[in-house]
Amino acid sequence: MISAFLRSQRRVAIATAITMALATATAPQTSSIALFFIPQTLVVLSSMAFLPVTSTVVAQSMPAQMTGKAMAIFLLLQGALGAGLGPVVVAFISQRLFPDSSHGLGLAVSVTALALGALATVGALGLRSRK
């Protein structure tokens, strides 16, 4: 029962990671503010599903005595490091890969979103139930 539940949660985590990555990568490339809201809406909706689902998957993947530590590490990586390092990584990519482009920041956001979305998808694929 738990195994089937975890598999369905993993599928949702993978789907939301892919949706968020593609929508985040698409948003800066739109040509108007009206078009921007289409992928941005997908980002918001998929992110609302991503955190509770991935939290459940992480909690179900750990032995009972490790659940608290696993959740603390997961939330630290997702929150503090994501919010702290995200802008730095985007700026670094913009400066290094697209220094002379007028769209360098948008391209850097797209590259970062696709790379981190791929990493999140691989991470979700690698989770297995340990209970």
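Modeller: What follows is a short exchange on terms and values. Bear in mind that this is a predicted model.

Biologist: How many helices and strands are there in the protein?
Modeller: The protein has four helices and zero strands. Read along the sequence, the pattern is α-α-α-α.

Biologist: Where does Thr67 lie?
Modeller: Thr67 belongs to helix H3, which covers residues 67–97.

Biologist: Why is Thr67 called buried?
Modeller: Its relative accessible area is 19%. Buried means under 20%. Thr67 is therefore buried.

Biologist: How much of the protein is buried?
Modeller: Buried residues account for 31% of its 131 residues.

Biologist: What makes the pair Pro63 and Thr67 a polar contact?
Modeller: The backbone oxygen of Pro63 is 3.2 Å from a polar atom of the Thr67 side chain. The cut-off is within 3.5 Å. The pair therefore meets that distance limit.

Biologist: How far apart are Thr67 and Leu114?
Modeller: In sequence, 47 residues separate Thr67 and Leu114. In space, the separation is 29 Å, C-alpha to C-alpha.

Biologist: What share of contacts join residues at least 24 apart?
Modeller: Take contacts between residues at least 6 apart in sequence: 65% of these join residues at least 24 apart.

Notes:
Residues numbered from 1 in each chain as written. Predicted model: local features only at pLDDT ≥ 70, side-chain atom pairs only at ≥ 80, totals over all residues. Heavy atoms only, no water. Helix = DSSP H or I, 4+ residues; strand = E, 2+ residues; numbered from the N terminus. Buried < 20%, exposed > 50% of the residue type's maximum accessible area, 1.4 Å probe, protein only. Polar contact = N/O pair within 3.5 Å; in protein donor to acceptor, adjacent residues only side chain to side chain. Contact = heavy atoms within 4.5 Å.
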